[in-house]
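Hi,

Here's the structure you asked about, with the sequence alongside. Have a look first, then read on for my notes.

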Amino acid sequence: MTPPAAHTDTGLVAFLEPDQLVADTRRRVPPARLRRRARAALWALRVFVLLLSVMVIYTFISQLT
């Protein structure tokens, strides 16, 4: 008996046996090939998040005193 076709990955996971799920999650996925502009945007986003985190931590500590 074959399971009905799943339209999403979460639906597909519901039909996997536990050992199949473990084997599937251990499979390595190669990194996506992105253009230079997309990689630059992701690095800019990382820097922005780090700066914003520093600002939030600084504000939190300065309000404690």
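Below is what turned up when I went through it.

First, a caution: this is a predicted model. The mean pLDDT for the protein is 83, and 80% of the residues score at least 70.

On to the fold. What share of the 65 residues is buried? The answer is 0%. The accessible surface comes to about 6900 Å², and carbon and sulfur atoms account for 66% of that.

The bit I'd look at on screen is a nonpolar surface patch of about 730 Å². Leu34, Leu42, Leu45, Phe48, Val49, Leu52, Met55 and Val56 make it up. Take Val49 as one of them: it is found in helix H3, which covers residues 36–64. Is Val49 buried, exposed or partly exposed? Its relative accessible area is 43%, so Val49 counts as partly exposed.

Last, the aromatics. Searching the whole structure gives zero aromatic pairs. Trp43 does have a charged residue over its ring face: Arg46 lies there, at 4.4 Å from the ring centre.

Cheers

Conventions: Residues are numbered from 1 along each chain as its sequence is written. This is a predicted model: local features need pLDDT of at least 70, side-chain atom pairs count only at pLDDT 80 or more; totals for chains, interfaces and linings use all residues. Side-chain values use heavy atoms; hydrogens and water are left out. Patches are made of residues with over 30% relative accessible area and no salt bridge: like charges are joined within 9 Å, nonpolar side chains (Val, Leu, Ile, Met, Phe, Trp, Tyr) within 5 Å. Accessible areas come from the Shrake-Rupley method with a 1.4 Å probe; for residues, only the protein chains shown count as cover. A salt bridge is a side-chain nitrogen of Lys or Arg within 4 Å of a carboxyl oxygen of Asp or Glu. Helices (H or I, at least four residues) and strands (E, at least two) are DSSP runs, numbered from the N terminus. Buried means under 20% relative accessible area, exposed over 50%, partly exposed in between (1.4 Å probe, protein chains only). Rings of Phe, Tyr and Trp (its six-membered ring) pair if their centres lie within 6.5 Å; planes under 30 degrees apart count as stacked, over 60 as edge-to-face and the rest as tilted. A charge sits over a ring if NZ of Lys or CZ of Arg is within 6 Å of the ring centre and within 35 degrees of the ring normal. pLDDT is the predictor's confidence in each residue, from 0 to 100.
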